[in-house]
Amino acid sequence: MNDMTQSAFHKPKVVGQRTPRVDGEFKLTGRAGYTGELHVEGMLYGYPVPATIANGELEALELDEALAMPGVVDIFHHGNFPKLHRSPNSMGHGDQVSEVRLPFEDERIYYHGQYIALVAAESFEQARAAAQRVVARYRQKTGAVSSLLDGDHDSDEEGQLLESAGSSRGDPEAAFDGSAVKIDEVYHIAAESHLQMEMHATLAEWQGEKLVVHESSQGVFYQRNAMARIFDMPQEHLEVISHYIGSGFGNKLFMWPHAVATAGAARELGRPLKVVLPRQQDMMSGGNRPASRQRIRLGADREGRLTSVIHDSTTETSLVDQYVDACGSATPSFYACDNLAVSQRILPVNHGTPCPMRAPGEVSGIFALETAMDELAVALEMDPVELRLKNYAESDPSSGLPWSSKQLDKCLQSAAERFGWAQRNPQIGSMRDGDEIIGYGMASCTWFAGRQPCEARVELRADGTLFAACGTQDIGTGTYTIVAQTVAELTGVKLSDIEVKLGETSLPAGPLSGGSMATATTLPAVAAAVRDALSALKEVATGSGGAFEGADADSLTVADGAFSDGNRTVSFADVLAANRLASVNGKGSSAPGDEQGEYSFRSFGAHFVEVRFDPGISRVRVARVVSTMDIGRAINPPTARNQVEGGIVMGIGMGLFEKLDYDPRDARLINSNVADYIVPVHADAPEIDVELLDYPDFKFNEFGARGVGEIGLTGIAPAISNALYHATGKRYRDLPVTIEALL
Ligand code: MOS
């Protein structure tokens, strides 16, 4: 028997092959409906009014002038907004939100940019003009906390210690004290903005008892569940839709207050309402990566074996919710070391609530840890690659479990070779090219591999086409395409005959597009649904009146959208036609299983970076990045490589440019715009060489894929700071490394 549905993913023909995005044409021809572009009959436009102080109370709103302006229908605020119910905000129950405080809940102001009103008008321009005429009077309070990194809060003891977020093994303090070589340093990273291309957007339409919400969302089911609690209505009366998304990076995982404000106002208005946050408000109240302060202590013996690792982190949260950016979460699994402690503190500041941002926690933690490792290599006069191999963790030192598959040594070797690491002269500032000093730096990187439960549905249709559906989302990473590849692999149906539907809560429940988990979560459920549909169709084919009447269903093989018994080949469409059926359906579900207790699952990689520093004009640029990633199998290599390349560019932003600036006097956000918040542009993008190793991780799932969305960002900032040390002899422990710091 040679049935392609059995172990199809061990020698796949479509999966793992370069596949142009199936939604590419829709995107390029403007037919992909992004939330902000949608229009429904009778729709009004909303524009939020943000608080202009960061700490105090709203004393009064003067609305008369704004209400009298052309096109204005109503203005919502604390005084007239309906009373709603806070979401229980539980990850486990799938009703997590980004900020649990409801919009207009009280008249306290906790952060700059907090919504104090929402104007609804006939046009966007009218709503915006009126919003700018709303006059607010405040009782401002002193004592706003502008940043964890301001002078008053920069200490080991600041913030609330979260016992549950810590971990330890051995006796790290004693081992550190007794170590022959010690590193004990503090690292700071500024708050960052996601700055995703498409702003947060909501379109809410009440249809009688029912509420239909279009949202640019990484998790339609979470939003549906949260809204059901907030509006106290059955989940079945709610539909959340997110077909196309201009990225998210984590700030669209969970719903924000603008969506609640939009849906609540739409109900009062009796008309559909759309709100697209302006960039400024998106940056003030739509999530940020919180600033972090980390202290790392490394102890080692003279041969470079780690004897102790102590990683203490403090990160910001807000006054209206509790967000924990777990900087130490990768540390216990990173290096073989018997004595280790990780601790986590949080400090509330007067900012909009922070949230996950691409590789949350770990990317910050890996900056500190991998910079400290470079410092240790310098102290030991040892090559930094050799130091990492010396402390290589052959199994997960955190759990004691074997890795499902770990090729970090191959990543280090391959990337070092392509980069030309052997040509590095370790002497500081010794490598020059004209006016420029060349610096070489490297770092390892990692991100956990996770899976969630998932359901999917597949329909084989009489016209020969195939339909696959799952309630996950494609945030631009290529989920539509890999679902289509999976279906094509198992059926032999052409990609152009496969329709994929994602991003609706009416579909079978799918995962967040987050945590680099969507691929490993979604595809096994899709595969199960395809197999279910194929067996249903085999039943038809071998049953009464079927194209293979009387044959053994198990003897039929599948290829090119058809069944064969060895003598005859009959297409799925003809099988359906023979029995006058329009379609057959298949359902599938998948979930992580016993393997979770048997192995530890992580992806790994290595980045090598060349910086060029011109001391005469204090100019630094990243000239070259060479990376090798071990992510299991890449389902679609070009889109997987895109993820790593995007992560690398984002890492250059983290390393050299990105910083949300909060005024130390009053905690107002100064640079909530793309002129003053600096991100890398094309001219800052280096030559990038990304290699994806091909070691399918079949212990994780039958696809061998661990996911790739986040890992590329981890390790870039320390590789840059380590290269800068090599060029300048100055150690950069604070991000971003600005021109001023280089002077
Ligand atoms: Mo990612 S921070 O899980 O979008």
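Predicted model: local features only at pLDDT ≥ 70, side-chain atom pairs only at ≥ 80, totals over all residues.

Trainee: In which order do the five strands of the mixed open sheet stand?
Mentor: Helices (H or I, at least four residues) and strands (E, at least two) are DSSP runs, numbered from the N terminus. Two strands pair if DSSP finds at least two bridges between them. With mixed pairing, the five strands form an open sheet in the order S17-S18-S26-S27-S28.

Trainee: Which strands stand at the edges of that sheet, and why is one side of each left without a neighbour?
Mentor: Each edge strand has a single partner strand, so one side of it has no neighbour in the sheet. The strands at the edges are S17 and S28 (687-692).

Trainee: Which helix packs on the sheet and touches S18, S26 and S27?
Mentor: Contact here means that two residues have C-beta atoms, placed from the backbone, within 7 Å. Angles run from 0 to 180 degrees between N-to-C directions, with axes as lines fitted to C-alpha atoms, for helices over the stretch in contact. The direction of the helix in question makes about 155° with that of S18, and the helix is H17 (residues 716-728).

Trainee: How many bridges pair S18 with S26?
Mentor: Strand S18 covers residues 436-448. Among the facing residues, Cys445 stands opposite Gly605 in S26, and the bridge partner of Ile438 is Arg612. The pairing of S18 and S26 is antiparallel, and the number of bridges is 12.

Trainee: Which residue in the hairpin of S26 and S27 takes a positive phi?
Mentor: S26 and strand S27 (residues 619-630) pair in the antiparallel sense over 11 bridges, and Asp614 stands opposite Arg619 in S27. The hairpin has four residues between the strands, and the one with a positive phi near 50° is Ser618.

Trainee: How many residues of S26 are buried?
Mentor: A residue is buried if 20 or more other C-beta atoms lie within 10 Å of its own, exposed if 12 or fewer, and partly exposed in between, with C-beta atoms placed from the backbone. Strand S26 (residues 602-614) has 13 residues and is mostly covered; the buried ones number 12.

Trainee: At what angle do H12 and H13 pack?
Mentor: The contact includes Val483 and Val487 of H12 and Leu523 and Val526 of H13. H12 (residues 479-491) and H13 (residues 518-542) have axes 10 Å apart, and the angle is about 35°.

Trainee: Is Gln427 buried or exposed?
Mentor: Gln427 lies in the loop between helix H11 (408-419) and strand S17 (432-433). Because 9 other C-beta atoms lie within 10 Å, Gln427 is exposed.

Trainee: Is Ala359 buried or exposed?
Mentor: Ala359 is found in the loop between strand S16 (340-348) and helix H9 (362-380). Although not a glycine, Ala359 has a positive phi of about 55°. Because 31 other C-beta atoms lie within 10 Å, Ala359 is buried.

Trainee: And Ser516, is that residue buried or exposed?
Mentor: Ser516 is found in the loop between strand S21 (498-502) and H13, and its phi is positive, near 55°. With 23 other C-beta atoms within 10 Å, Ser516 is buried.

Trainee: What is the omega of the cis peptide bond from Leu735 to Pro736?
Mentor: Pro736 lies in the loop between strand S29 (734-735) and helix H18 (739-742). The bond from Leu735 to Pro736 is cis, with omega near -5°.

How values were computed. Residues numbered from 1 in each chain as written.
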